[in-house]
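Hi everyone, and thanks for coming. Today I'd like to walk you through a structure that may be new to you. Let me put it on the screen.

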Amino acid sequence: MRLFIAACLAFATSPVLAAPPPANAPVVSADGSLFRAFGGHDGLVRVVDDLFVYVDADTRINGFFEKAKRTHTKAMLVEQFCQVTGGGCVYSGKDMGASHHELGITQADFNALVEDLQKAMDQNKVPFTAQNRLLAALAPQSRAIVYHQTAADLATSGPVSK
Ligand code: HEM
């Protein structure tokens, strides 16, 4: 199943899919069943708290978060997950491209964060099908989050050596 998720992530980031990336993830559970499977708002807060425990210990990606406003980032993640899972929240943060473009995030970095999120969901005993529904909804966002060098970037700053 983890292979299935990896395949979904790879597919979502394929250059063949030239459609513009979604600004934010869509609601995937209008009836709120996914929100309830996560334990409602309190459950999402626990998952995001634990996600950052894993991220802080993850030397592959913890450097990205050193300068970030932790409380705000966590609150925005909870709000976004609440919206996606049908909990009735309205995400009020920045769009995914705007908040990540400058960071130079690679596909490997993205996959590392997804691994940490899976550990946080396991830790909170989120049912496996619910985990997969959230991950499938987030996968297309990698097109906005993972850094893709544009012609304008090349013109102004030269190739990124990452
Ligand atoms: C599905 C994957 C991801 C989702 C849903 C997500 C979601 C978010 C959200 C909602 C915010 C807050 C935006 C705002 O300030 O309004 C944020 C900020 C941030 N994200 Fe992500 N993110 C994802 C992947 C990643 C990855 C892979 C990294 C790095 C490895 C990363 C690093 C950051 C950092 C450093 C910030 C704070 C930026 C700042 O405060 O200037 N994110 N993310």
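Let's start at one residue, Lys-125, which counts as exposed because it has 8 C-beta neighbours inside 10 Å. To spell that term out, a residue is buried if 20 or more other C-beta atoms lie within 10 Å of its own, exposed if 12 or fewer, and partly exposed in between, with C-beta atoms placed from the backbone. You'll find Lys-125 in the loop between H6 and helix H7, which covers 128–138. Its phi is near 55 degrees, a positive value in a residue other than glycine.

Before going on, two notes on what you are looking at. This is a predicted model, in which local features need pLDDT of at least 70, side-chain atom pairs count only at pLDDT 80 or more, and totals for chains, interfaces and linings use all residues. Residues are numbered from 1 along each chain as its sequence is written.

Now for the overall picture. How many helices and strands does the protein have? There are nine helices and zero strands, and read along the sequence the pattern is α-α-α-α-α-α-α-α-α. Helices here are DSSP runs of H or I with at least four residues, strands are runs of E with at least two, and both are numbered from the N terminus. Of the 162 residues of the protein, 27% count as buried. As for contacts, take the ones in the protein with a separation of 6 or more: residues 24 or more positions apart account for 83% of them. Two residues are in contact if their C-beta atoms, placed from the backbone, lie within 7 Å.

Back to our loop for a moment. Asn-124 is also placed in the loop between H6 and H7. Asn-124 counts as partly exposed, because it has 17 C-beta neighbours inside 10 Å. Leaving out residues up to four places away in sequence, Asn-124 touches Gly-43, Arg-46, Val-47 and Asp-50. Asn-124 and Gly-39 are 85 residues apart in sequence, and their C-alpha atoms are 9.2 Å apart in space.

Helix H3, residues 40–56, and H6 have axes that come within 8 Å and cross at roughly 130 degrees. The axes are lines fitted to C-alpha atoms, for helices over the stretch in contact, and the angles run from 0 to 180 degrees between N-to-C directions. H3 and H6 are therefore oblique to each other. On that scale, angles under 35 degrees count as roughly parallel, over 145 as roughly antiparallel, 65 to 115 as roughly perpendicular, and the rest as oblique. On the H3 side the contact includes Val-47, Asp-50 and Leu-51, and on the H6 side it includes Leu-113, Asp-116 and Leu-117. By class, the residues of this contact divide into eight nonpolar, one polar and three charged. Ala, Val, Leu, Ile, Met, Phe, Trp, Tyr, Cys and Pro count as nonpolar, Asp, Glu, Lys and Arg as charged, and the others, Gly among them, as polar.

H3 has another partner to show you. H3 and H4 pack at an angle of about 135 degrees, with their axes 9 Å apart, and are therefore oblique to each other. Here His-41, Leu-44, Val-45, Val-48 and Phe-52 in H3 meet Lys-74, Leu-77, Val-78, Phe-81 and Cys-82 in H4. The contact of H3 with H4 has eight nonpolar, one polar and one charged residues.

Let's zoom in on Val-48, which is found in helix H3. Is Val-48 buried or exposed? Val-48 counts as buried, because it has 20 C-beta neighbours inside 10 Å. Not counting residues up to four places away in sequence, Val-48 touches Lys-74, Leu-77 and Val-78.

Last stop, the ligand. Which of the 22 residues around the ligand come nearest? They are Ala-68, Met-76, Gly-93, Lys-94 and Leu-113. Helices H4 (70–84), H5 (96–100) and H6 (107–123) are the elements that give two or more residues to the shell. A residue is near a molecule if its C-beta atom, placed from the backbone, lies within 6 Å of it. H4 gives the largest share of the shell, five residues. By class, the shell has 12 nonpolar, seven polar and three charged residues.
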